[in-house]
Structure formats: structure tokens, C-alpha cells
Amino acid sequence: MSESMNDVVVVGAGAAGLSAALVLGRARRRVTVVDAGAPRNAPAEHMQGFLSRDGTSPAALLEMGRAEVAGYGVRLIEGRVDHIEPGFTVRLAGGPVLRARRVLVATGLRDELPDIPGVRERWGRDLLHCPYCHGYEVRDQPLGVLGTHPGAVHQALLLRGWSDDVVLFRHTLDLTAGEHERLTARGVRIVDGPVKQLVVHDDRLRAVELADGRVWPRDAVFLFPRMVPHDALLDGLGCERDESGRVATDPSGRTSAPGVWAAGNVADPRAQVITAAGAGSVAAIALNHDLLDEDVERAVLEQTLTAHLHRTETE
């Protein structure tokens, strides 16, 4: 059974989705947020670089956000959206069918990790991704970078700002002559040979072991994952993609599909938590203005029809 009409259904209750819901709730819009409960940054104990929330755990941020949006009448539903039909009908797996005038997809992304023993177990703990998120916490320590992605070169160069001891484990990565020159000039040591595993003792990463038996002690290791947006819902709505393969949006998050917005990592894989929250706010304001235009157009039409009926009755 379908429910009453929402102004906006937000899919995803991360920083982008909750930020948008907060702005829309304060604008007195009828909003429902649907979330599957699997945030990308769940393994991380702390969240850095978010003004006024530096050091807060990701879980605590989301808990505070949920409480804030609920205070403005936003409804939160735990569940997974199977698909969205234009119009919009939002169908949940084994749950209610929601109707909405507009949709905001803020479903984030998943990190695809290489099949190296220890990688999944240490991910978000002492196997890290973002130097801006974690570099300060591992400053002046022996650091490593796994060469599983072309982005590892820039990662290694960047990390020299936090430590004088940075090793790039080339693994399967082919380096150009220019990249090799830049790394060595920056003071990054390059170690050839495939990586066998991350060495862990007492629940801490201790070293990187190569296939030939060499062991390099490291206190933390960085990895550039393959980031895959959870954008199947947007594909199902016919949203166009840009030249990079991501769903195309304008600066407000509006997609090519009428009435559909996207915000956060689903649209911008490089967005940090604070960036995603800002994108959610921007999208919410654009959504509210779009709804306002429709409200005004409908009110003008009703006024015109009422005036026409009045004239007909008095003639």
C-alpha cells in the first residue's frame, strides 16, 4: 500500500543525506530518509578534519544527525531501496512503498580492496586511505604505501608532508621514468617486488612482507582503493554519466533526470565527510527552490481557474 506523498525521499543517511534532510526539515518539507545501515567509514574509530567535530567517531556523528533531523519531523526508515520508478515511487525491500515529488540519492560508495592477506582486517585502522583524514595521527612514523592503484604515487608524494620515512611498495604498479624521478627527489623509497601480506601482531600492523621474504617494519600503511559508487538507483532513473563515468550532476547535485538529485560520495568519490555534508546542504536548498517553483505554478493555476469559474458563475 502506498503512503501519503513526501516532498522528498532521501536515500542514504550518511553525512550528505542527513545534512540534506536537516535543511529540508527546517524548510518544513515532508521528508523521509531511508538507510540500509552500512556506512563506508564504519571501520574508522575517529573522523578528522570536520570543523567542531574533529575526532568524533563516524557513528556518533550519524547518531547526532539522526536525532537532529528527527527533531524537525523528518521520518527515518531502516531499509534498502530496491528501485525507484519515475514519478516517484520508491520501493523498499520487504518494506513500505513511498511516494515522493523529488528524490535525493546519497548512497555513497564501496571501497574495493586488493586480495592481500591482512588488508581487509586492518582497513580503516592502521591500513588507511586518506592522508588528510589520518596523516596527522600517524605523523613522524614509518609509513608505507601499497602500489595497487595509480593513485598510490600521489599518495606517497603527499605523505612525505607527514613523515620523513615513506616507502612505496611497488607491488604490481608500473612506474614511469618521470614518476620514479619525482618519488626519489621527494625522498620516497621505492621497493620492488609483489607484496605477500601485512604482518600483524597484538592487533597492530607491524610490517609489510614481500613475496621474496623481505620484511619492512611499518607502523601504518596507506592504500588507494578502487572506489565504486552505489549508483544503480540513478542508472535505473536514466541519469546520464560524465566523461569520467560518474553520474553527471550540476553544482547543486541535480542530475539529468527531472526531479532527481545526487550528493556525497555517490556523485563525488573524493568527498570527505565535511564535503559530503556541504553537498547535502546545497542539494537541499536547490530541491526546496525547485519544489517552491512547482508550488507557485500550481497556486497560480488554481487561482486562475478559480477566477475563471467565478466569472462564469456571475455571467
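Modeller: In strand 17, Val105 has Ala262 as its bridge partner. The model is a predicted one.

Colleague: How do strand 6 and strand 17 run, and how many bridges join them?

Modeller: Strand 6 and strand 17 (residues 260–262) run parallel and are joined by three bridges.

Colleague: In which sense does strand 6 pair with strand 5?

Modeller: The pairing of strand 5 (residues 89–92) with strand 6 is antiparallel, over three bridges. Within it, Thr89 has Arg99 of strand 6 as its bridge partner. The two strands form a hairpin, with four residues between them. Gly94, in the turn, has a positive phi of about 65°.

Colleague: Why is strand 6 described as largely enclosed?

Modeller: Buried means under 20% relative accessible area. Eight of the nine residues of strand 6 (residues 97–105) are buried, so the rest of the structure largely encloses this strand.

Colleague: Where is the cis peptide bond involving Phe88, and what is its omega?

Modeller: The cis bond joins Gly87 and Phe88, with omega about 10°. Phe88 belongs to the loop between strand 4 (81–85) and strand 5.

Colleague: Now backbone angles. What is the phi of Asp140, and what is that of Asp203?

Modeller: Asp140 is not a glycine, yet its phi is positive, about 60°. Asp203, also not a glycine, has a positive phi of about 60°. Asp140 lies in the loop between helix 4 (131–134) and strand 9 (143–146). Asp203 lies in the loop between strand 12 (195–201) and strand 13 (204–210).

Colleague: Is Asp140 buried or exposed? And what of Asp203?

Modeller: The cut-off for exposed is over 50% relative accessible area. Asp140 has 65%, so it is exposed. Asp203 has 47% and therefore counts as partly exposed.

Colleague: Turning to cysteines, how many disulfides does the structure hold?

Modeller: A disulfide is a covalent bond linking the sulfur atoms of two cysteines. The structure holds zero disulfides. Cys130 is buried, with a relative accessible area of 13%. Cys133, at 18%, also counts as buried.

Colleague: What is the volume of the second largest pocket, and which residues are closest to its centre?

Modeller: The second largest pocket has a volume of about 330 Å³. It is lined by 14 residues, of which Glu45, Gly124, Arg125, Asp126 and Leu128 are the closest to its centre.

Note on methods. Residues are numbered from 1 along each chain as its sequence is written. This is a predicted model: local features need pLDDT of at least 70, side-chain atom pairs count only at pLDDT 80 or more; totals for chains, interfaces and linings use all residues. Side-chain values use heavy atoms; hydrogens and water are left out. On a 1 Å grid over the protein atoms alone, a cavity is a set of points where a 1.4 Å probe fits but cannot get out, and a pocket is an open set with protein on both sides within 12 Å along at least five of seven lines; lining residues have an atom within 4 Å of a point. Grid points are joined across faces, edges and corners, and a volume is the space filled by probe spheres set on the points. Buried means under 20% relative accessible area, exposed over 50%, partly exposed in between (1.4 Å probe, protein chains only). Two strands pair if DSSP finds at least two bridges between them. A disulfide is a pair of cysteine sulfur atoms within 2.5 Å.
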